[in-house]
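The following note collects numbered remarks on the model shown below. Please read each point alongside the coordinates.

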Amino acid sequence: MRVSKLPTRLTVAGIATYPEERAGETYEVTIYGDNLGSGDIRATVKDVQERDDRCAPKYLQYRGRQIPIYKPPPGMGLIDKIHGERRWTAWLRVSPRFTSDALALLGNGRALFLAIHERKTNRTRWVQSASLQTTDPAEE
């Protein structure tokens, strides 16, 4: 018996309601649920500690104590604006569990809201976190 190692791919499209300057703009978000390269998905704090040239963990001396220096990953996916249009595309890598939970929510017939926390570094917009929920995150 062979088990497929292909990632689950789910594409969700919708209209932004928040922030106000993006309200009415359309989004198409592709969610990849896979275990390929799962070190990125299941990274721990130890995995994001900055390293020196010899791969030894870096520390900062602060008030007589050594504090670890962390360099978090840039994000779990990217967001791009379609030039000349009020449209955005995004992709993100998540665990297979997130993808299967998202499919279950999409199948229940209720209105859904996808909340995306983004961070812009230089000219690149990174997805920091995402949640799919049945309540409007702007009202929380």
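Does Arg63 count as buried or exposed, and at what relative accessibility? Arg63 counts as exposed, because its relative accessibility is 73%; the classes are buried under 20% relative accessible area, exposed over 50% and partly exposed in between, with a 1.4 Å probe and protein chains only.

1. Basis of the note. This is a predicted model, in which local features need pLDDT of at least 70 and side-chain atom pairs count only at pLDDT 80 or more, whereas totals for chains, interfaces and linings use all residues. Residues are numbered from 1 along each chain as its sequence is written, and side-chain values use heavy atoms, with hydrogens and water left out.

2. Arg63 has a positive phi of about 50 degrees although it is not a glycine, and its place is the loop between S3 and strand S4 (65-68). Helices (H or I, at least four residues) and strands (E, at least two) are DSSP runs numbered from the N terminus. Cys55, also not a glycine, has a positive phi near 70 degrees. Cys55 lies in the loop between helix H1 (38-41) and strand S3 (59-62), and counts as exposed because its relative accessibility is 58%.

3. Cis peptide. Tyr18 and Pro19 are joined by a cis peptide bond, with omega about 0 degrees. Pro19 is in the loop between S1 and S2.

4. Aromatic pair. The structure holds one aromatic pair. The ring centres of Tyr27 and Trp88 are 5.8 Å apart and the planes are at 5 degrees, so the pair is stacked. Rings of Phe, Tyr and Trp (its six-membered ring) pair if their centres lie within 6.5 Å, and planes under 30 degrees apart count as stacked, over 60 as edge-to-face and the rest as tilted. The pair links distant parts of the chain, with Tyr27 in strand S2 (residues 26-33) and Trp88, 61 residues away, in strand S6 (residues 87-94). Both Tyr27 and Trp88 are buried.

5. Nonpolar core. The largest nonpolar core has 15 residues, and Leu10, Tyr27, Val29, Ile31, Ile79 and Leu92 have the most contacts inside it. Such a core is a set of buried Ala, Val, Leu, Ile, Met, Phe, Trp, Tyr and Cys residues joined through side-chain atoms within 4.5 Å. Strand S1 (8-15), S2, S6 and strand S8 (124-133) each supply at least two residues of this core, and the largest share, four residues, comes from S6. Excluding residues up to four places away in sequence, Leu92 touches residues including Val29, Ile31, Met76 and Ala130, where contact means heavy atoms within 4.5 Å.

6. Largest pocket. The largest pocket has a volume of about 690 Å³. Its lining comprises 27 residues, of which Ala16, Tyr18, Leu114, Ala115 and Ile116 lie nearest its centre. On a 1 Å grid over the protein atoms alone, a pocket is an open set of points where a 1.4 Å probe fits, with protein on both sides within 12 Å along at least five of seven lines, and lining residues have an atom within 4 Å of a point. Grid points are joined across faces, edges and corners, and the volume is the space filled by probe spheres set on the points. The largest share of the lining, six residues, comes from S7.
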